[in-house]
Amino acid sequence: MVHQQSSQARLSPSSDTEDMAEMSRLLAPRLAYFAGVARTEHVTRAAQEMNVPQSTLSRAMARLEQDLGVDLFARHGRTVSLTTAGRTFLASVERALAEVERAAEEVRADADPATGKVAFGFLHTMGAETVPGLLHAFRADHPRIRFSLVQNYGEAMLERLRAGELDLCLTSPVPDAPDLVARRLDEQKLRLVVPADHRLAARRRIRLAEASDETFVTLEPGYGLRRITDDLCKEAGFRPRVAFEGEEAETLRGLVAAGLGVALLPPPTVPRPGVAELTVTAPRAAREIGVAWLADRPDTPPVAAFKKFLLSRRGSLLP
């Protein structure tokens, strides 16, 4: 076969990243055709197996060789055989096609209505009791749907939602952004947690302003509960003096038990010794819990089913 000159992109040692991307775009549609011809060593038979016109297949192989600038086949009448370059190319093509097929099977499996997968994010404070209870109830009717679970703080989960790494997330505060859809599901009262030997520990109720002189332990900036704490203290007329910042509510509860400060926290899953938990009467101390997803992104059947389930738990999300 005589090499033909072409204005098309060619693979060469001097190709830069853009050249390689263009070459991939040119080659990709022809790789399955090439593998079919290589497998049968007969263009007519390959065309019949792949249900494409023989002329289309012949032109595709000619263009493939032209774009690569090498002979992939030796012609022997109606049959063909791979050249040394063709055998080298085939090994990589078969691996690439197998990887594409594996990826296709994976996304098909994830979208299967009965056995698909949901990528679900939620706050750390939802992990011990709320989410396990939700999943248990949901799987009563959808026993084979799988979950990829991510625990994180609100802003980090929204970033992963926007990046396509999550399908749904439970978060607080409920986000208000044009690229997201969010629905309020429930409300969780916050308590002022103080050490068991604290001067306020004998109280059952307290106005938050009465703790204005206290040292606070809080979550780090960027956490929804930290924002709520700052806002409630501001509404009560003071700015909290923060001594320690953490990443989990139960760690903060431990710091309070150690006498290192007070904290505004949701109720614990199980009572924690060493602390007293006071109802805040003013301002109203609560956080809204909602579910969020990316606007205009179509749901797979398992995601749609779990979303419908979550929305049905409005007002009864929390145990």
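## Elements and the model

The structure described below is a predicted model.

## The largest pocket

Which helix gives the largest share of the lining of the largest pocket? That share, four residues, comes from α9. The elements that give two or more residues to this lining are α9, which covers residues 249-257, and the strand β6, which covers residues 180-189.

The largest pocket has a volume of about 470 Å³, and its lining is made up of 22 residues, among which T125, Q188, P267, P268 and T269 lie nearest the centre. Sorted by class, the lining residues of this pocket comprise eight nonpolar, seven polar and seven charged ones.

## The four-stranded sheet

Four strands, in the order β8-β12-β7-β11, form an open sheet whose pairing is mixed. The edges are held by β8 (205-207) and β11 (263-265), and each of these has a single partner strand, so one side of each is left without a neighbour in the sheet. From one strand to the next, the twist averages 45°.

Strands of a sheet pair through backbone hydrogen bonds, in either a parallel or an antiparallel way. In this sheet, strand β7 (residues 191-195) and strand β12 (residues 275-282) pair in the antiparallel sense, over five bridges. Within β12, L278 is the residue that stands opposite L192.

## The two cavities

How many cavities of 30 Å³ or more are there in the model? The count comes to two. The largest cavity holds about 130 Å³ of space and is lined by 15 residues, of which L123, H124, L219, Y223 and R287 lie nearest its centre. Its lining divides into six nonpolar, six polar and three charged residues.

The second largest cavity holds about 30 Å³ of space, and the residues that line it are V217, T218, L219, L225, R226, T229, L252, L264 and L265. Two or more residues of this lining are given by each of β9 (215-219), α8 (224-235) and β11. By class, the lining of the second largest cavity has six nonpolar residues, two polar and one charged.

Key: Residues are numbered from 1 along each chain as its sequence is written. This is a predicted model: local features need pLDDT of at least 70, side-chain atom pairs count only at pLDDT 80 or more; totals for chains, interfaces and linings use all residues. Side-chain values use heavy atoms; hydrogens and water are left out. On a 1 Å grid over the protein atoms alone, a cavity is a set of points where a 1.4 Å probe fits but cannot get out, and a pocket is an open set with protein on both sides within 12 Å along at least five of seven lines; lining residues have an atom within 4 Å of a point. Grid points are joined across faces, edges and corners, and a volume is the space filled by probe spheres set on the points. Ala, Val, Leu, Ile, Met, Phe, Trp, Tyr, Cys and Pro count as nonpolar, Asp, Glu, Lys and Arg as charged, and the others, Gly among them, as polar. Two strands pair if DSSP finds at least two bridges between them. Axes are lines fitted to C-alpha atoms, for helices over the stretch in contact, and angles run from 0 to 180 degrees between N-to-C directions.
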